[in-house]
Amino acid sequence: MRSLRPSRALPGACTTPLPALLCAALLSAVSLSAQSAPKVNRFGNPEKLKPAPTSGQITPRDLQIRLYQFADDSMLGRQVGRAANKKGTDFIAAELKRLGLVPGGVNGTYFQNLPFHLRGFTVHSRVTVDGNPLTWNTDIVAVPTQRAPRAVSDADVVFGGTQGDTTLQISASAAAGKFVVLLPQPGGRGGQGQGFAVRPGFTPPPSRFADAAAVAVVDLDNLTPAQRVAINEPAVAQQAGAPPRPAAAPVTAADSLAQLKRELAALQPQAQFRLTREAASQLFKGQPVEALAPGARGGTVTAALDFVELPTDWARNVIGIIPGSDPKLKAQFVAIGAHNDHVGVTTPVDKDSLKAFNIARNRMLLANEMKPLGPEQIAQIRVNMDSIRRLYPTPRLDSINNGADDDGSGSMGVLEIAEAIMAMPVKPKRSMLFVWHTGEEAGLLGAAHFTRNPTVPIDSIVAQLNIDMIGRGRSEDLPGGSDDYVSVIGSLFDSKDLGETVAAVNKKQAKPLALDYRFDEPSSWAGYNNIYGRSDHYRYAQQGVPIAFFFTGLHGDYHQRTDEPEWIDYPHYARIANYIKDIAVEVGNGPRPRLNGTKPAKPKEIVP
């Protein structure tokens, strides 16, 4: 699900005993054993699971097999516009081909590319310190920009201080024209919170460094070589070409050249880098950067950055179709969707400390009736690491936001629904349209592109069932959570017909789910709680398509490196996926849902 709020930095772990309210948090994170790492956690899930064949039934085991692959570390968080997202969409398309779905994308493929270009720096880029090269993608990486950055030529190196602490930073005048080196903000985060717009894990430098020749943050040491390359992948951009030059105010012939230079300078962003401690030491002639005082001087840096802009297939929807069984109604579609992307890679932290902290924070939120916690409340959270250190003496650093629940659960749920319907001897009368949208986390981009450029007529889509985060919903995750919990959003608001079908199908389940309609009420749509507008169904609703959105709620691992397959509630997940499959089949065979406020459809209007 798309985030509307930046993540908070993780407070440093400590050995202070937990407050009474949080005393069970640590034990909730892992099954502790002093001898060896646990094979399964308290939910019966292993940390890793090998691929295996799946069946034509939607089962906890099949969902587990699929999700452990789709949310594996090798997928590197599936961020839109990155090679890892292409790997995730390749996985889905290969499964659709294996199952025999009809390609529903462009030119007979399963894909619909978004008009994105990649802008970034090639491996031919070079950075030297006093004429000595740093190793690209090992010692130093550049944060991709939307256009070629300003040149860095013989820029003097200066230690700028620490991110996030203006009392330990040099002044704007001292930074002007310099290659400014910064330590990451405390907590080892590298400043993730604001950084998604530029690159996860990287916080743009403060405005006081805007006139610096370049800025570099010392935060690469805990990343693997593959993760360093992933960070340095080119940035995705929705529109090709350089932005237009701003219109210039009338100038005389005498100063027109100076005016043009100023405009060109405004169009060139500042170069921004991430580097290792060893590389930072080279910049300061062998001195460790942690020992430097703000304002300390180093050598000189020259950067020859090879900037490129290329079209990409790293931002694409995946689309498959199961044709309907009715000769006339097969021209209509029930759309079932999820989003294939997540938020990628960020700065590493100790995953066990983070998990324990997230559990403790979520317990405090539950006790606070889910009202936002203030700084003083967050400061009260303490994580006792003694037991975890007995189990894992070496911190298990993790930089990958796996997105198992968000929205691996939706994506693999949709895939399981497709496999189950393909196994039906008689298919629904209407065709089933499966769409895995990309770029949801970047602003519902894939859904917006599909609904504006549909591969089937948009008015032939009778309903859209959106699935985003259906893998949790326990009582420890949110108020009202349970083994039966699922939130339904938009069904009654947009179409009473669809809403009544959603409710009626639930009553037919062997054990009906507890449907939560709290977010279906427009009065709940203020600010962060506007769940209705935060996932892909919203783009279909804007086009007049009846929608229903299924969701098991936000939780402590939302948009965290701890959103991993081992924490999913697979039996609950399977019940919800089966339920949504039954809704899709019911809509596929029944009357076309009407939007609220429309006249009853005449029989002939059922057929296009």
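The legends below walk through several close-up views of this predicted model.

**View 1**
The chain averages a pLDDT of 84, and 82% of the residues score at least 70. Two stretches call for care. Residues 5–38 have a pLDDT below 50, and beyond near neighbours in sequence this stretch has 84 contacts in the model. Residues 239–251 also have a pLDDT below 50, with 23 contacts in the model beyond near neighbours in sequence. Where pLDDT is low, the predicted coordinates should not be read in detail.

**View 2. Helix 2 meets helix 11.**
Here we look at helix 2 (residues 60–70) beside helix 11 (residues 404–422). Their axes come within 9 Å and cross at roughly 130°, so helix 2 and helix 11 are oblique to each other. Helix 2 passes helix 11 in a right-handed crossing. On the helix 2 side, the contact is made by Asp62, Leu63, Arg66, Leu67 and Phe70. Helix 11 brings Ala404, Gly408, Ser409, Ser411, Met412, Gly413, Leu415, Glu416 and Glu419. Sorted by class, this contact of helix 2 with helix 11 has six nonpolar, four polar and four charged residues.

**View 3. A cis peptide bond at Asp406 and Asp407.**
Asp406 and Asp407 are joined by a cis peptide bond, with omega at about -10°. Asp407 is found in helix 11.

**View 4. Helix 11 packs with helix 16.**
Helix 11 also packs with helix 16 (residues 570–589), at an angle of about 55° and with the axes 10 Å apart. The two helices are therefore oblique to each other, and helix 11 passes helix 16 in a right-handed crossing. From helix 11, look for Gly408, Ser409, Met412, Gly413, Ile417, Ala420 and Ile421. They meet Tyr573, Ala577, Ile580, Lys581 and Val585 in helix 16. This contact of helix 11 with helix 16 has eight nonpolar, three polar and one charged residues.

**View 5. Helix 14 packs with helix 16.**
Now the partner of helix 16 is helix 14 (residues 496–507), packed at an angle of about 125° with the axes 10 Å apart. Helix 14 and helix 16 are therefore oblique to each other, and their crossing is right-handed. Leu498, Thr501, Val502, Val505 and Asn506 in helix 14 meet Tyr579, Asp582, Ile583, Glu586 and Val587 in helix 16. By class, the contact of helix 14 with helix 16 has six nonpolar, two polar and two charged residues.

**View 6. An aromatic pair, Phe550 and Tyr579.**
A search of the whole structure finds 13 aromatic pairs, and this view shows one of them. The ring centres of Phe550 and Tyr579 are 6.0 Å apart and the planes stand at 85°, so the pair is edge-to-face. Phe550 sits in strand 22 (residues 547–551) and Tyr579 in helix 16, so the pair links distant parts of the chain, 29 residues apart.

**View 7. A positive phi at Asp130.**
Asp130 is found between strand 4 (126–129) and strand 5 (132–134). Although Asp130 is not a glycine, Asp130 has a positive phi of about 50°.

Terms used:
Residues are numbered from 1 along each chain as its sequence is written. This is a predicted model: local features need pLDDT of at least 70, side-chain atom pairs count only at pLDDT 80 or more; totals for chains, interfaces and linings use all residues. Side-chain values use heavy atoms; hydrogens and water are left out. Axes are lines fitted to C-alpha atoms, for helices over the stretch in contact, and angles run from 0 to 180 degrees between N-to-C directions. Helices (H or I, at least four residues) and strands (E, at least two) are DSSP runs, numbered from the N terminus. Angles under 35 degrees count as roughly parallel, over 145 as roughly antiparallel, 65 to 115 as roughly perpendicular and the rest as oblique. A crossing is left-handed if the near helix is turned anticlockwise from the far one by less than a right angle, and right-handed if clockwise. Contact means heavy atoms within 4.5 Å. Ala, Val, Leu, Ile, Met, Phe, Trp, Tyr, Cys and Pro count as nonpolar, Asp, Glu, Lys and Arg as charged, and the others, Gly among them, as polar. pLDDT is the predictor's confidence in each residue, from 0 to 100. Rings of Phe, Tyr and Trp (its six-membered ring) pair if their centres lie within 6.5 Å; planes under 30 degrees apart count as stacked, over 60 as edge-to-face and the rest as tilted.
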